[in-house]
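Here is a briefing on one protein–DNA model. Read it with the sequence and coordinates open.

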Amino acid sequence: MNYWLMKSDPGDFSIDDLESRRGQTAPWDGVRNYQARNMLRDEMKIGDLAFFYNSSCEVPGIAGIMEIVKEGYPDPTAFDPEEEHYDPKNDPDKPTWYLVDVKLRRRLKRVIPLTELKRHKPLANMKVLQKGNRLSVMPVTRQEWHYILKNWK
DNA sequence: GCCAACGTTGGC
DNA sequence: GCCAACGTTGGC
């Protein structure tokens, strides 16, 4: 089983939004980065777990735990001119962009701020803490995952 | 709002 | 294939 971290700007899609969905399940659409696409399409498997990460907001940090419930399939929002993330170069016969479906497992008792994560040596190599990282989907190591859940509930 | 970091684009 | 220009991300 693999572990992931998935970023969302709460102004666009928040953990409240996910929680209020039927089945607390949602398609993780709108990712338009090739590295992230490869992970969504090829690597993320049913049963994998992922942190819900609040980005570009007042207190960036980890807000909850999700499970992958449907593996990579073409992102329909890439074909729809009405959509913000419409990609006119995307050929429906050879889709460029992919997504997975996620389901909320639980919220954390409180958001773990990025600033707190940074203070922990065992997390020093965590991808989301690296300066300049711009991936919206990234792997988390087993060690990092368990360290975080041991230190914050 | 600023700006560093990084991805993408396009001319050559 | 190089690389400058440009756009976007995201923390602060």
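An N or O atom in the side chain of Lys131 sits 3.2 Å from a phosphate oxygen of DNA strand B. This is a predicted model.

**DNA strand B**

- Around DNA strand B lie Tyr34, Gln35, Lys89, Lys131, Gly132 and Arg134.
- By class, that surface has three charged, two polar and one nonpolar residue.
- Sugar or phosphate accounts for 75% of the atoms of DNA strand B within 4 Å of the protein, and bases for the rest.

**DNA strand C**

- DNA strand C is surrounded by Lys7, Tyr53, Ser55, Ser56, Pro60, Leu114, Lys118, Arg134 and Leu135.
- Arg134 is also among the residues around DNA strand B.
- The surface near DNA strand C divides into four nonpolar, three charged and two polar residues.
- Of the DNA strand C atoms within 4 Å of the protein, 79% belong to sugar or phosphate, and the rest belong to bases.
- Lys118 places a side-chain N or O atom 2.5 Å from a phosphate oxygen of DNA strand C.
- Ser56 uses its backbone: an N or O atom there lies 3.0 Å from a phosphate oxygen of DNA strand C.
- Arg134 reaches a base: an N or O atom of its side chain is 2.7 Å from a base oxygen of DNA strand C.

**Salt bridges**

- How many salt bridges does the structure hold? There are six.
- Arg107 pairs with Asp16, with 2.8 Å between the closest N and O atoms.
- Arg107 belongs to strand β5 (residues 98-113) and Asp16 to helix α1 (residues 15-20), so this bridge ties together parts 91 residues apart in sequence.
- Arg107 counts as partly exposed, at 33% relative accessibility. Asp16 also counts as partly exposed, at 47%.
- A network of salt bridges links Asp16, Glu19 and Arg107.
- Arg32 bridges to Asp75, and their closest N and O atoms are 2.9 Å apart.
- That pair links distant parts of the chain, 43 residues apart. Arg32 is in the loop between β2 (25-27) and α2 (34-43), while Asp75 is in the loop between β4 (61-74) and β5.
- Is Asp75 buried or exposed? Asp75 is buried, with a relative accessible area of 0%. Its partner Arg32 is partly exposed, at 24%.
- The side chains of Glu67 and Arg105 form a salt bridge at 3.1 Å, N to O.
- Glu67 is in strand β4 and Arg105 in strand β5, so the bridge ties together parts 38 residues apart in sequence.
- Arg105 is partly exposed, with a relative accessible area of 49%.

**Largest pocket**

- The largest pocket holds about 540 Å³ of space.
- Its lining has 19 residues. Nearest its centre are Ser8, Asp12, Asp29, Gly30 and His85.
- β1 and β2 are the elements that give two or more residues to the lining.
- By class, the lining has seven charged, seven polar and five nonpolar residues.
- Asp12, one of the residues nearest the pocket centre, is in the loop between β1 (3-8) and α1.
- Asp12 counts as exposed, at 61% relative accessibility.
- The C-alpha atoms of Asp12 and Met1 are 29 Å apart. Along the chain, the two are eleven residues apart.

**Backbone: positive phi**

- Which value does phi of Gln24 take? Phi is near 50°, a positive value in a residue other than glycine.
- Gln24 is in the loop between α1 and β2. Gln24 is partly exposed, at 28% relative accessible area.
- Ser56 is not a glycine, yet its phi is positive, at about 50°.
- Ser56 lies in the loop between β3 (49-54) and β4. With a relative accessible area of 64%, Ser56 is exposed.
- Ser56 is also the residue with the backbone N or O atom 3.0 Å from a phosphate oxygen of DNA strand C.

How values were computed: Residues are numbered from 1 along each chain as its sequence is written. Chains are lettered from A and ligands numbered from 1 in the order in which they are written. This is a predicted model: local features need pLDDT of at least 70, side-chain atom pairs count only at pLDDT 80 or more; totals for chains, interfaces and linings use all residues. Side-chain values use heavy atoms; hydrogens and water are left out. A residue is near a molecule or strand if one of its heavy atoms lies within 4 Å of it. A polar contact is a pair of N or O atoms within 3.5 Å; within protein, one must be able to donate a hydrogen and the other to accept it, and residues adjacent in sequence count only if both atoms are side-chain atoms. Ala, Val, Leu, Ile, Met, Phe, Trp, Tyr, Cys and Pro count as nonpolar, Asp, Glu, Lys and Arg as charged, and the others, Gly among them, as polar. A salt bridge is a side-chain nitrogen of Lys or Arg within 4 Å of a carboxyl oxygen of Asp or Glu. Helices (H or I, at least four residues) and strands (E, at least two) are DSSP runs, numbered from the N terminus. Buried means under 20% relative accessible area, exposed over 50%, partly exposed in between (1.4 Å probe, protein chains only). On a 1 Å grid over the protein atoms alone, a cavity is a set of points where a 1.4 Å probe fits but cannot get out, and a pocket is an open set with protein on both sides within 12 Å along at least five of seven lines; lining residues have an atom within 4 Å of a point. Grid points are joined across faces, edges and corners, and a volume is the space filled by probe spheres set on the points.
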